[in-house]
Amino acid sequence: MSIISVINQKGGVAKTTTSLNVASSWAAQGKKVLLIDLDPQSSATKAVFGDREFEKTIYDVIMGHAQAEDAIVSSDVFGIDVIPAEIMLSGVDLQLAAHFGREQILRRKLEPLNRRYDAILIDCSPSLGLMTINALLASKDIIIPICPEYFSLKGIDLILATLQNIRTGLGYKVGIRGVVITRYRDRKVAKDVIRQVREHYQLNVYSNYIPDSIAVEEAHHNHSPVHKYAPRSPASKAYMDLSKELWL
Ligand SMILES: Nc1ncnc2c1ncn2[C@@H]1O[C@H](COP(=O)(O)OP(=O)(O)O)[C@@H](O)[C@H]1O
Ligand SMILES: [Mg+2]
């Protein structure tokens with residue numbers, strides 16, 4: 001079992017889309033997967049469940065009002081379990097400001113679930129707040145989605161600095177599994193950025209790039225993973241192949 005955070009402080013780089021589609025592709029490949037929505041905007045929760053409301057969310061788990069197990073909701077369409085988020089999550093940084101051990105709440109809360117899943121994916125928010133620190137301290141590794149544009153390298157610099165801070169400040173080393181290329185279009189800038197990530201940053205870039213595709217967006221709005229919404233689309237194949245590549 002491994003816990004993996006999907007992280008990038010830049011918004012709109014397909015963190016949520018990648019979390020959902022990788023989780024669902026893994027499920028289709030026979031894995032038992034839990035997706036944790038750790039973004040107060042709740043994009044993953046809304047993509048899976050629409051406007052449904054939940055009695056317990058990750059907010060209650062973090063605040064100590066519920067066990068992680070009690071907040072799990074299953075999705076037949078995605079084939080995964082989800083711990084939903086809610087907007088109240090945006091207040092936890094202040095609410096927990098004086099709480100001893102506040103960086104490791106999520107890690108401790110997930111311990112009882114370890115044996116129930118093949119993988120736990122955490123969809124992070126773009127902020128570098130307490131919840132993202134919690135996600136990192138709960139994770140063995142991270143996956144970094146990027147839309148390959150020139151300023152996407154800034155996002156990588158920020159992530160590397162954050163991991164370094166956690167290592168020096170809290171003594172915990174988070175691994176980087178690799179970089180996922182999302183919304184790929186065959187342009188010079190994309191190739192330049194990918195080459196820099198490999199050569200300058202020495203990071204693993206997964207060879208299955210996710211193409212910029214209307215099917216991905218439509219699947220999202222239809223509360224479906226792309227492999228079900230448009231099974232024959234190149235994006236569906238890309239997420240399926242990426243998921244196999246990520247599992248290795
Ligand atoms: N491969 C893709 N092709 C087209 N649109 C995409 C693709 N991946 C993501 N999107 C769209 O980009 C927007 C931002 O994606 P999202 O996953 O919410 O990013 P993040 O979680 O990093 O903020 C969404 O509207 C999503 O539908
Ligand atoms: Mg998101």
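User: How much of the chain is made up of buried residues in this model?

Analyst: Burial is judged residue by residue and then expressed as a share of the chain. In this predicted model, buried residues make up 44% of the 248 residues in the chain.

User: Which residues have the most contacts inside the largest nonpolar core?

Analyst: One looks for the members of the core and then for those with the most contacts inside it. The largest nonpolar core here has 70 residues, and Ala-23, Leu-35, Ile-58, Leu-121 and Ile-122 are those with the most contacts inside it. Taking one of them, Ile-122, and leaving aside residues up to four places away in sequence, one finds that it touches Ile-3, Ser-5, Val-6, Ile-36, Leu-38, Ala-135, Ala-138 and Ser-139.

User: How many helices and strands does the chain have, and why can it be called as compact as a globular protein of its length?

Analyst: The elements are counted, and then the overall dimensions are considered. The chain has 11 helices and seven strands. Its radius of gyration is 17 Å, close to the 18 Å that the globule rule gives for 248 residues, and the chain is therefore as compact as a globular protein of that length. Along the principal axes, the C-alpha trace spans about 50 × 40 × 30 Å. Of the contacts in the chain with a separation of 6 or more, 78% are accounted for by residues 24 or more positions apart.

User: What covers the buried residues of α11?

Analyst: For a helix, one reads its span, then its buried residues, then what lies over them. Helix α11, residues 234-247, has 14 residues and reaches 20 Å from its first C-alpha to its last, close to the 20 Å expected at 1.5 Å a residue. Its buried residues are Ala-235, Ser-236, Ala-238, Tyr-239, Met-240, Leu-242, Ser-243 and Leu-246, and what covers them includes α1, β6 (141-146), β7 (175-181), α9 and α10 (226-229).

User: Which residues come nearest to ligand 1?

Analyst: A shell can be read by its nearest residues, its elements and its classes. Of the 17 residues around ligand 1, Ala-14, Lys-15, Thr-16, Thr-17 and Val-216 come nearest. Both α1 (15-28) and α9 (214-221) supply at least two residues each of this shell, which has five nonpolar, eight polar and four charged residues by class.

User: Where is Gln-67 found, and why is it classed as partly exposed?

Analyst: Gln-67 is found in the loop between α3 (58-62) and β3 (73-75). The C-alpha atoms of Gln-67 and Pro-112, which are 45 residues apart along the chain, are separated by 9.2 Å.

Methods:
Residues are numbered from 1 along each chain as its sequence is written. Chains are lettered from A and ligands numbered from 1 in the order in which they are written. This is a predicted model: local features need pLDDT of at least 70, side-chain atom pairs count only at pLDDT 80 or more; totals for chains, interfaces and linings use all residues. A nonpolar core is a set of buried Ala, Val, Leu, Ile, Met, Phe, Trp, Tyr and Cys residues joined through C-beta atoms within 7 Å. A residue is buried if 20 or more other C-beta atoms lie within 10 Å of its own, exposed if 12 or fewer, and partly exposed in between; C-beta atoms are placed from the backbone. Two residues are in contact if their C-beta atoms, placed from the backbone, lie within 7 Å. Helices (H or I, at least four residues) and strands (E, at least two) are DSSP runs, numbered from the N terminus. A residue is near a molecule or strand if its C-beta atom, placed from the backbone, lies within 6 Å of it. Ala, Val, Leu, Ile, Met, Phe, Trp, Tyr, Cys and Pro count as nonpolar, Asp, Glu, Lys and Arg as charged, and the others, Gly among them, as polar. The radius of gyration is taken over C-alpha atoms; the globule rule is 2.2 Å times the number of residues to the power 0.38. The expected span of a helix is 1.5 Å times one less than its number of residues.
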